[in-house]
Amino acid sequence: MFVDFGLAKERGGCCYLRYDDTNPEAEKKEYIDHIEEIVRWMGWEPYKITYTSDYFQDLYELAVELIRRGHAYVDHQTPEEIKEYREKKMNSPWRDRPIAESLKLFDEMKCGMIEEGKATLRMKQDMQSDNFNMYDLIAYRIKASAAPFTPHPHAGDKWCIYPSYDYSHCIVDSLENITHSLCTLEFETRRASYYWLLDALGLYQPYVWEYSRLNVTNTMMSKRKLNRLVTQHWVDGWDDPRLMTLAGLRRRGVTPKSINDFVRGIGITRSDCSVIRLDRLEYHIREELNKIAPRTMVVLHPLKVVITNLEAGSLMDLDAKKWPDAQLEDASSFYKVPFSNIVYIDHSDFRMQDSKDYYGLAPGKSVLLRYAFPIKCTDVILGDDKETILEVRAEYDPSKRTKPKGVLHWVAEPSPGVDPLKVEVRLFDKLFLSENPGELGDDWLSDLNPESKVVIPGAYAVSTLKNAAVGDRFQFERLGYFVVDKDSTPEKLVFNRTVTLRDSYSKSGK
């Protein structure tokens, strides 16, 4: 999208969105609608939306002309025979049949008089070429010849013969007066066939150029393998936030600007082996979300802290910053957080043994509760096993004279005896453990990261989040960037982690 729409925009041109809908069994309206919607979400506006099926009549008439010119023939070889003859660079026994015979048989194919699989129309190219894409490629095949014909979502049930991609793509490019037809490098060997067919029909020839596919570490970009992940339920659908599909990235909370900035930054190459580190995409995601995601506080693994020198039932409304550079005179840059004698910090921010390099809470130690007061741990309530920490007792310093180094995020009871807002948080991480799982061959599924999705059903959030809507993005202080997921209900919000605050990947040495 970025290369096609971006180049057209940069050069004052226009870009078509065309559906190559040549297989009636593979075309689904939901896919068609989704592609159009996701193109616009990415910020692109097609000059025109067209379908290869718009040109079925033109394509049929040009196929008849191709036969008349002696450049196509009706063939009866099975797929297995075609494969064998191609490997041996042998002509089909029907390759040199009379033109009139092929014209008659092609008309019978069109009228549903020949069974599916019993005949194809093949281009008479060059069976001795070094390029296997010149081995008499199939131009038309029969689909469900018995009436009623297999319905096509765009063309109806008029046709029982359908053109191949190799036949239709270059012709429709020409008919639409496309100046530049851009594609990825795996199509480079098809260039000879593209120009052969346009030359054989005497049609205008667009300029074709190929560039390398985008490969990103710790993920899979192959449609075939993605399809397996989805259909075998290794992931939760095409919009699973762990997938590098646009629907998945959107659900994860990534913005179109981040994706476009990432692609702009890596540029275009013809090196087919380059793999871009996921860190580069995450850098652009953080850059954008840092500007647009308001700050808030959520505690993933709540640990109860009872403040013993604050009267039970008393409540203070404190100001917390939505933005790091919030100005005092701008009320919209702040949100209210209740502070009561029962607050919750994260379990990971408390330990029984203190150390110099630890900035969390420990017995006898003080920390600052962000936007609130310093607190000092005075007692710890343990479970029957004398290890499980059930509750922490602390005293707060209302004068704020204490200046501890550690600053913790927290959530308080909004009113006496009422638990804070409970939310579900889904922590998404890299889908694969290896940087290049594609190199693992058939064993690639064993490389799936078992920690790629961790669900925390009972996190506590500040009460201002209760009005958050699907798609709203936030920075959870000290935790990362999160987005409200579509699985949210009026009873319970669900948040997806978009990205951590810092790149933990390179530091962990994975």
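Which loop holds S434? The views below come from a predicted model, and the first of them gives the answer.

**View 1. S434 and its surroundings.** S434 sits in the loop that runs between strand 20 (421-428) and strand 21 (453-461). With a relative accessibility of 24%, S434 counts as partly exposed. Setting aside neighbours within four places in sequence, the contacts of S434 are N218, L440 and D447. T219 is 215 residues from S434 in sequence, yet their C-alpha atoms are 8.5 Å apart in space.

**View 2. The largest nonpolar core, seen around F339.** This core has 53 residues, and the members that touch the most others are F339, W410 and V425. Once neighbours within four places in sequence are left aside, F339 is in contact with I307, L310, S314, L315, M316, L318, L369, A372, F373, Y396, W410 and A412. As background, nonpolar side chains in soluble globular proteins tend to be buried together.

**View 3. Helix 7 and what covers it.** Helix 7 spans residues 191-201, and its buried residues are S193, Y194, W196, L197, L198, A200 and L201. Which elements cover these buried residues? Among them are helix 3 (56-68), strand 4 (120-123), helix 6 (165-175), strand 7 (180-184) and strand 8 (207-211). Just after the helix ends, G202 has a positive phi of about 65 degrees.

**View 4. Helix 6 crossing helix 7.** The axes of these two helices come within 9 Å and cross at roughly 65 degrees. The crossing of helix 6 with helix 7 is right-handed. On the helix 6 side, the residues that meet the other helix are D166, Y167, H169, C170, I171, D173 and S174. On the helix 7 side they are Y194, L197, L198 and L201. By type, the residues of this contact divide into 7 nonpolar, 2 polar and 2 charged. An α-helix has 3.6 residues a turn, so residues three or four places apart point the same way.

View 5. D75 lies in strand 3, while Q77 is in the loop between strand 3 (72-75) and helix 4 (79-87). Are these two residues buried or exposed? D75 counts as buried because its relative accessibility is 0%, and Q77 is buried as well, with a relative accessible area of 5%. The side chain of R122 makes a polar contact of 3.0 Å with the side chain of D75. The side chain of R122 also makes a polar contact with the side chain of Q77, again at 3.0 Å. Beyond residues up to four places away in sequence, Q77 touches I82, Y85, S92, P93, W94 and R122. With neighbours within four places left out, the contacts of D75 are I82, S92, W94, R97, K118, A119, T120 and R122. The C-alpha atoms of D75 and T22, 53 residues apart along the chain, are separated by 20 Å.

View 6. D136 is not a glycine, but its phi is positive, at about 45 degrees. D136 is placed in the loop between strand 4 and strand 5 (138-142), and it is buried, with a relative accessible area of 0%. N177, also not a glycine, has a positive phi of about 60 degrees. N177 belongs to the loop between helix 6 and strand 7. In contrast to D136, which is buried, N177 is exposed because its relative accessible area of 56% is over the 50% cut-off.

**View 7. E108 and E115.** E108 lies in helix 5, and E115 is in the loop between helix 5 (99-110) and strand 4. E108 is buried, with a relative accessible area of 16%, whereas E115 is exposed, with a value of 53%. Leaving out neighbours within four places in sequence, E108 is in contact with M113 and I114.

Note on methods
Residues numbered from 1 in each chain as written. Predicted model: local features only at pLDDT ≥ 70, side-chain atom pairs only at ≥ 80, totals over all residues. Heavy atoms only, no water. Core = buried A, V, L, I, M, F, W, Y, C linked by side-chain atoms within 4.5 Å. Buried < 20%, exposed > 50% of the residue type's maximum accessible area, 1.4 Å probe, protein only. Contact = heavy atoms within 4.5 Å. Helix = DSSP H or I, 4+ residues; strand = E, 2+ residues; numbered from the N terminus. Polar contact = N/O pair within 3.5 Å; in protein donor to acceptor, adjacent residues only side chain to side chain. Axes fitted to C-alpha atoms, helices over the stretch in contact; angles between N-to-C directions. Left-handed = near helix turned anticlockwise from the far one by under 90°. Nonpolar A, V, L, I, M, F, W, Y, C, P; charged D, E, K, R; others polar.
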